Amino acid sequence: MSEEGKILLQIEHMKKSFDGVEILKDISLSVREGEVVSIIGPSGSGKSTLLRCATMLETMDGGTLSYLSEKAAYEENGRCVYAPKAKLKEIHKNFGLVFQNFNLFPHYSVMKNITDAPVVVDKVPKKEAEERARKLLAQLGLSDKADAYPCQLSGGQQQRVSIARALALQPKILFFDEPTSALDPELTGEVLKVIKELAREHMTMIIVTHEMQFARELSDRIIFMEQGIIQAEGTPEEIFHCENDRVREFIGKFQS
Amino acid sequence: MTLSTILLQLMKGMGVTAEIFFLTLLFSLPLGLLVAFGRMSKNGIIRTVSKIYISVLRGTPLMLQLIVVYFAPFYVFHLKVGNYRFPAIIIAFALNYAAYFAEIYRAGIESMPVGQYEAARVLGYSRLQTFVRIILPQVIKRILPPVTNETITLVKDTSLAFVLAQAEMFTMAKQIAAKETSIMPLMIAGVFYYLFNLIVATVMERIEKSLNYYK
Ligand SMILES: Nc1ncnc2c1ncn2[C@@H]1O[C@H](COP(=O)(O)OP(=O)(O)OP(=O)(O)O)[C@@H](O)[C@H]1O
Ligand SMILES: [Mg+2]
């Protein structure tokens with residue numbers, strides 16, 4: 001099914017170093033509309049760095065990054081250049097990011113957390129933004145929390161609010177960086193359920209996760225990263241029956 | 001002099017004290033934010049200038065600064081300015097307190113978790129929007145306790161205006177005390193300062209409480 005969708009995100013030969021240490025070595029990756037891609041791999045392999053470069057929280061050192069064929073960053077004379085500010089602002093609207101530790105705005109109510117960016121950034125009328133937020137809250141099972149403040153919510157609820165906040169801007173692609181890692185085990189389920197529902201609605205998603213079973217059930221494709229490169233890539237079945245020793249060892253750790 | 005005339009005179013002085021207090025806050029709070037930005041600027045020159053500014057104004061006596069600000073136009077620039085006493089006091093106080101507030105702002109801003117900036121950035125907020133809508137409100141909550149401290153100190157510091165013979169409460173109390181050879185005016189002034197600060201502390205506590213709706 002996903003073979004037909006147009007390419008939403010394309011990364012070619014992405015490189016990134018910190019203090020002279022190459023963290024992303026040569027990452028190429030494209031994601032089509034409606035695809036769910038999980039990224040797994042050991043700690044320090046560069047998964048977060050990849051998401052941060054893709055969402056432009058970090059500037060990459062080499063390669064290209066494009067959304068819907070619009071180049072956000074590309075190489076010119078061996079240097080990585082970013083598109084002009086106005087264009088980046090447009091490109092920005094394509095994606096959202098859900099953080100491991102939510103990063104909700106503590107001084108805003110749940111409702112305002114969700115409506116503020118649409119109103120302030122996208123100039124959506126307040127009424128409309130609130131209606132949109134109410135729908136999202138209902139969908140994520142948080143209808144009774146609209147007036148609560150983040151500090152009054154459980155971790156699972158906070159993460160669902162942060163997902164609603166990202167969705168309120170109607171991104172075409174949503175990145176998750178270990179969305180359940182900061183949660184108590186009994187709370188991860190409610191967040192994973194929400195993500196599964198989004199997958200059912202064909203939301204395009206890239207999810208960094210340590211939840212192997214979840215990745216297996218949900219993903220169209222799994223990417224295994226190690227030491228800054230994509231070591232293996234394939235359907236869940238391919239990855240879970242992969243010949244590559246590294247992949248087998250890594251997955252084996254989670255199946256004990 | 002009867003007690004009621006003493007009280008009346010001191011009340012008048014109190015009015016001037018309150019004026020110095022409010023005008024100082026009015027100017028030093030925004031100026032302090034500006035200096036804090038300078039202190040955190042990417043531009044090395046601006047950063048250094050701000051650092052020196054803070055260091056000098058915090059490192060020298062406020063009384064000296066009052067005198068310098070008052071006499072500088074004449075001694076340095078040979079200017080004769082008309083009734084400059086009160087403006088000089090406000091300028092000196094504002095410059096001095098801005099330095100203290102700048103460091104408080106800076107500590108508050110730097111204590112904000114980077115995740116707040118990143119969340120705002122991914123959501124598409126501009127830098128100005130991020131600061132005004134996301135960062136500043138949280139910083140204000142964080143810095144209220146140290147700002148309260150400075151504000152209480154300011155109430156007492158207003159008495160330093162006596163070096164320029166400004167008729168604020170302390171100057172009045174001293175004059176009356178000398179004339180009447182009585183310590184009572186000074187005691188009354190003390191009570192007035194105390195009450196003023198009691199009000200300041202209560203108001204600040206109210207503001208702090210009003211921001212307690214989130215953690
Ligand atoms: N801002 C930074 N400055 C310096 N080094 C960094 C920075 N960010 C990441 N690194 C380094 O890059 C490497 C990869 O980090 P990254 O966070 O991308 O790994 P990860 O795969 O997400 O790991 P985890 O599963 O633990 O989240 C690590 O060695 C980390 O120390
Ligand atoms: Mg990570």
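Let me begin with A:Pro185, which at 67% relative accessibility counts as exposed, where buried means under 20% relative accessible area, exposed over 50% and partly exposed in between, with a 1.4 Å probe and protein chains only. This is a predicted model, in which local features need pLDDT of at least 70, side-chain atom pairs count only at pLDDT 80 or more, and totals for chains, interfaces and linings use all residues. Residues are numbered from 1 along each chain as its sequence is written, chains are lettered from A and ligands numbered from 1 in the order in which they are written, and side-chain values use heavy atoms, with hydrogens and water left out.

A:Pro185 is found in helix α6 of chain A, and helices here are DSSP runs of H or I with at least four residues, strands being E runs of at least two, numbered from the N terminus. The C-alpha atom of A:Pro185 is separated by 31 Å from that of A:Ala117, a residue 68 positions away along the chain. A:Gly189 also has its place in helix α6 of chain A, which covers residues 185-200, and A:Gly189 is partly exposed, with a relative accessible area of 39%. Between the C-alpha atoms of A:Gly189 and A:Arg246, which are 57 residues apart along the chain, the separation is 28 Å.

Helix α3 (residues 110-120) and helix α4 (residues 126-139) of chain A pack at an angle of about 130°, with their axes 9 Å apart; axes are lines fitted to C-alpha atoms, for helices over the stretch in contact, and angles run from 0 to 180 degrees between N-to-C directions. That angle makes α3(A) oblique to α4(A), given that angles under 35 degrees count as roughly parallel, over 145 as roughly antiparallel, 65 to 115 as roughly perpendicular and the rest as oblique. Among the residues that make the contact are A:Met111 and A:Ile114 of α3(A) and A:Ala133 and A:Leu137 of α4(A), contact meaning heavy atoms within 4.5 Å. By class, this contact of α3(A) with α4(A) has eight nonpolar, one polar and four charged residues, where Ala, Val, Leu, Ile, Met, Phe, Trp, Tyr, Cys and Pro count as nonpolar, Asp, Glu, Lys and Arg as charged, and the others, Gly among them, as polar.

Now to chain B, which has eight helices and zero strands. Of its 215 residues, 45% count as buried, and its C-alpha atoms fill a box of roughly 70 × 50 × 25 Å, taken along the principal axes. Residues 24 or more positions apart account for 75% of the contacts in chain B with a separation of 6 or more.

How do α6(B) and α8(B) lie, parallel or antiparallel? The axes of α6(B) and helix α8 (residues 184-210) of chain B come within 10 Å and cross at roughly 165°, which makes α6(B) roughly antiparallel to α8(B). Their contact includes B:Val147 and B:Ile152 of α6(B) and B:Phe196 and B:Met204 of α8(B), and its residues comprise eleven nonpolar, three polar and two charged.

Finally, helix α1 (residues 3-39) and helix α6 (residues 127-157) of chain B have axes that come within 12 Å and cross at roughly 130°, so α1(B) is oblique to α6(B). B:Phe21 and B:Leu25 of α1(B) are among the residues in this contact, as are B:Phe131 and B:Leu154 of α6(B), and the contact residues divide into seven nonpolar, two polar and no charged.
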